Amino acid sequence: MVKVNLDGVVCEAQPDELLIDLINRAGASVPHVCYHPQLGPVQTCDTCMVEENGRLIRACATKVADGMTVSTKSAKASAAQVEAFDRILSNHLLYCTVCDNNNGNCTVHNTTKLLAIEHQRIPFRSKPYEIDNTNPFYRYDPDQCILCGRCVEACQNVEVNETLSINWEDPNPRVLWDGGSAIGESSCVSCGHCVTVCPCNALMEKSMLGHAGFLTSLKKSALSGMIEVVKGVEPETGYGSILQVSEAEEAMREHRIRKTKTVCTYCGVGCSFDVWTKDRHILKIAPEHGPANGISTCIKGKFGWGHINNQDRLTTPLIREDGKFREASWKEAIGLVARRLSEIKAKDGADSVAFISSSKCTNEESYLMQKLARAVIGTNNVDNCSRYCQSPATVGLFRTVGYGGDSGSISDMEKADLVLIVGSNTAESHPVIATRVKSSHKLDGQKLIVSDLRENEMARRADLFLHPNPGTDLIWLSAVSRYLLDNGLAHTKFLDQWVNGLDQYRKSLEPFTLEAAERLTGLSERTIRTVAHMIAEAKSTCILWAMGVTQQSQGSDTSTAISNLLLITGNYMRPGTGSYPLRGHNNVQGASDHGSMPNMLPGYQLVDDPEVLQRFETGWKVKLPPTKGLDNHQMVEAIHEGKLKAMYLIGEEMSIVDSNANYVGAAFEKLDFFVVQDIFFSNTCRYADVVLPGAPSLEKEGTFTSTERRIQRLYQVLEPLLGCQPDWKIIQDVANQLGAGWNYRHPSEIMDEIASLTPMFAGVNYERLAGYKSLQWPVAADGTDEPLLYTKRFAFPDGKARLFPVSWIGPTDQPNAEFDLHLNNGRLLEHFHEGNLTYRTEGIREKTPDTFVEVSPELAEERGIQSGTWVQLISRYGKVRVRALVTDRVHGTELYMPMNSVESPVNRLTSSHTDPVTNTPAYKEASVHLKVLNEVGDSPLPRINPRFGHPTPQGGVEVERKWKRADYSPPGNGNGSGLVQLQTKK
Ligand code: SF4
Ligand code: SF4
Ligand code: SF4
Ligand code: FES
């Protein structure tokens with residue numbers, strides 16, 4: 001600790017703490033308009049001037065030093081602060097009472113008050129630019145822009161989309177998109193970082209405009225008139241009394257604007273934020289305190305909430321009658337569900353019924369779903385969609401290190417010396433995690449290796465991009481391991497102390513010579529050696545992987561090979577190291593954690609372990625089935641075989657997202673009784689006998705568990721739409737109709753029960769998760785959690801990890817003369833999965849209206865295809881009609897199709913082949929024939945899609961260029977001679 005004399009009081013501080021942070025912590029009031037703790041010093045506003053030993057310094061750009069004496073209030077400092085802020089006001093009109101940003105958190109408003117500014121000393125100068133309204137979600141008003149550069153810093157160095165800059169040399173600087181494009185035609189991905197950090201109303205969510213204030217919905221002419229009145233009275237009354245009026249209006253807003261914390265409903269990153277609402281209108285998403293994301297979001301979390309108030313929401317139960325659906329009361333629908341399930345169970349046995357839980361629903365709902373299956377119906381036939389993506393990674397980790405979850409946190413990926421990404425389009429599938437890697441790579445010298453079939457954004461940023469032949473990751477990963485062991489580059493000490501099974505593992509690597517790896521993967525021996533040396537030289541390595549690995553017929557083995565590689569290089573047990581299978585859905589981790597699996601009860605406790613079984617039987621007061629049930633792949637087979645008669649499925653678009661969709665649909669048609677619970681009438685609902693209207697995440701309480709094993713609470717933002725119910729209540733109603741006698745009044749009671757039965761969650765309760773608090777499992781009874789796993793031991797009885805030998809078999813669905821092209825598939829940034837939720841947001845639909853198939857320029861030329869050409873893709877299992885998009889993101893005969901379509905789902909083309917260990921479909925191993933149709937339409941991606949933009953990467957806001965302007969001098973100094981310009985950047 002160092003000691004700093006702050007306004008006469010000695011304060012203790014961390015040696016590298018920024019002075020502004022100390023000042024804020026000590027409660028002194030120094031303005032700081034451009035400084036934001038999550039951006040670091042931007043140094044554009046000069047309002048944070050303080051005096052130190054007679055000289056002025058920027059508190060935001062100065063690290064504390066022992067013995068420093070600082071005055072925040074000296075005449076010199078105060079004058080400089082006011083002068084700096086006067087300059088800001090020359091770029092901003094104060095019309096707070098009629099401004100939608102007058103919500104108590106406007107930095108410009110609050111600084112005016114803090115500095116007791118009474119008059120506009122430097123006249124306001126309008127900028128010669130129009131308001132830019134071309135982005136569907138936010139608008140930029142240059143006239144209100146104070147040129148603080150927060151948005152630029154956020155876009156360049158936090159989001160790292162590198163769209164924004166400021167033209168400091170221009171006589172009238174402004175924020176630029178792609179150096180001067182309209183926002184709507186730029187590379188802006190609508191992540192919202194810039195809008196979130198803007199300290200005033202220059203950048204605002206369109207959903208706020210005209211909605212937040214009491215007077216802001218007035219016509220533009222009326223608003224302009226009122227602004228003129230304010231300008232007219234200011235010289236006489238001063239800002240003090242004007243601000244009093246606006247503060248009265250702001251206080252009124254507090255009563256009608258609700259701010260409720262929630263957790264994002266889309267991907268597994270686990271972003272959390274406040275949702276601002278006025279009645280059912282969503283004003284904005286305000287990220288700030290989320291432990292996973294801070295100020296970060298992607299387009300979906302920030303703006304993708306059109307589904308909530310969408311007119312297509314299901315609001316009443318539906319019952320199929322004479323081949324048609326009719327509306328029904330809840331009583332009738334629940335009664336029918338219970339009666340039919342009972343009848344089928346009585347006739348064909350409990351195992352003729354199956355349950356699919358949802359990875360979109362809460363942990364508590366997943367828990368109840370598997371409890372319904374096991375304790376009420378008496379079957380272990382329960383699963384969730386982690387089978388489609390995550391199970392192989394979980395198995396790989398169970399085999400080697402003991403826990404089936406990310407071994408550390410996002411902060412570890414951020415601080416790693418080297419990040420290796422395998423089969424993950426991270427920038428689109430886990431956008432906020434990608435920001436952390438992009439930022440560390442750009443600013444902190446982190447090295448990045450990417451292995452993928454597609455040259456996605458991360459691949460383009462990588463120091464080394466590997467493009468192996470499809471389905472051969474296991475080979476090059478194992479060849480790297482062998483090379484490291486053969487050349488004395490493995491971490492011997494770590495292996496000796498912490499790892500079992502080296503000899504057998506070493507033997508299993510025999511086939512993986514560099515020569516064999518080159519032949520099979522298409523990667524050169526030199527490249528593989530380079531990878532090995534980069535890992536050996538890095539102080540810490542994290543490996544991130546996703547469905548490019550897991551959705552292969554050897555997904556479990558490749559995941560195991562990844563963990564093996566980490567073990568032999570000692571990349572576990574330390575910050576900045578470890579294995580990170582990136583979880584897809586918001587709660588796909590939690591769905592499995594909470595027992596929606598055919599072989600495991602909550603907390604990965606085996607159904608055939610007598611001790612476990614007894615504990616649950618005592619807790620639930622029932623006899624439980626002791627043998628493994630069917631997974632979702634086996635369920636489809638069992639329906640076809642006539643063994644499975646009834647299914648109850650929640651929140652899964654299984655008829656589209658399961659592989660070999662035609663086959664799955666045909667199975668659903670054979671069911672005697674099918675219940676589907678969802679918020680929209682999905683494609684899967686078409687097969688149902690009863691449809692029950694559930695509630696989306698904003699309409700219920702509960703918890704989600706993100707990819708970093710982080711359990712977070714979501715609070716109810718809105719009442720369920722009339723006619724809908726939170727899913728946990730519906731499951732309880734069904735259970736009780738079947739005679740269960742449950743009486744949960746709130747999801748917290750369900751969590752208490754989970755904690756009492758599951759050692760892994762022993763210390764989890766709602767109190768410990770209040771607000772933005774979170775816990776990363778395992779959680780001991782005293783509430784201690786583990787952000788980084790294995791710091792003391794691996795999760796095996798002897799505390800040691802296990803090297804697990806694997807061998808390579810090869811992909812199943814191989815191209816041949818007829819099906820000559822390899823078809824890959826995956827996500828798009830803007831849409832989640834098939835798009836049932838995201839297509840309901842108009843701006844997303846406008847920018848990304850449809851799916852398409854990416855075709856390489858070589859193949860396009862050979863086959864006479866251009867962007868917009870309609871083609872038919874035909875596989876061994878089905879066909880789809882889709883437009884082509886010609887792009888160099890794919891190479892040669894490899895195609896890529898995003899999964900965002902219900903009309904032309906890629907899974908009509910994929911097979912029923914699976915990874916034998918987990919039954920995860922080999923989605924990524926499809927071969928197709930491409931038939932060019934004689935029809936050319938518009939490009940499937942419109943010109944306004946950000947992929948057509950031209951980013952302008954730069955180091956950040958580049959304030960030095962502002963300082964070089966002839967009309968700039970630091971405030972309070974005249975010529976600026978006493979100012980220390982730049983002490984620290986970040
Ligand atoms: S990408 Fe667009 S929304 Fe995101 S920070 Fe940059 S300019 Fe703003
Ligand atoms: S638009 Fe950017 S530069 Fe302008 S005030 Fe907002 S954050 Fe600052
Ligand atoms: S979709 Fe994922 S990255 Fe985007 S805001 Fe939601 S949790 Fe964050
Ligand atoms: S807060 Fe803007 S320069 Fe320090």
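Is Lys-73 buried or exposed? Select Lys-73 and take a look: with a relative accessible area of 57%, Lys-73 is exposed. Keep in mind throughout the tour that this is a predicted model.

Asp-7 sits in the loop between strand E1 (2–6) and strand E2 (9–13), while Lys-73 lies in the loop between strand E5 (68–71) and helix H2 (75–89), so the pair links parts of the chain 66 residues apart. Asp-7 counts as partly exposed, at 30% relative accessibility.

Next, select Glu-162 and Arg-461. The closest N and O atoms of this salt bridge are 3.0 Å apart. Here 299 residues separate the partners: Glu-162 is in the loop between helix H4 (150–158) and strand E7 (164–166), and Arg-461 is in helix H14 (residues 457–461). Glu-162 counts as buried at 7% relative accessibility, whereas Arg-461, at 21%, counts as partly exposed.

Move on to Glu-701 and Arg-713, whose side chains form a salt bridge of 3.7 Å, N to O. Glu-701 is in the loop between strand E27 (690–693) and strand E28 (702–705), and Arg-713 is in strand E29 (residues 710–714). Both residues are buried.

For the last stop, show ligand 3. Among the residues around ligand 3 are Cys-264, Cys-267, Cys-271 and Cys-298. Helices H7 (299–303) and H13 (431–443) each give two or more residues to this shell, which divides into eight nonpolar, three polar and one charged.

Methods: Residues numbered from 1 in each chain as written. Chains lettered and ligands numbered in written order. Predicted model: local features only at pLDDT ≥ 70, side-chain atom pairs only at ≥ 80, totals over all residues. Heavy atoms only, no water. Near = heavy atom within 4 Å. Helix = DSSP H or I, 4+ residues; strand = E, 2+ residues; numbered from the N terminus. Nonpolar A, V, L, I, M, F, W, Y, C, P; charged D, E, K, R; others polar. Buried < 20%, exposed > 50% of the residue type's maximum accessible area, 1.4 Å probe, protein only. Salt bridge = Lys/Arg side-chain N within 4 Å of Asp/Glu carboxyl O.
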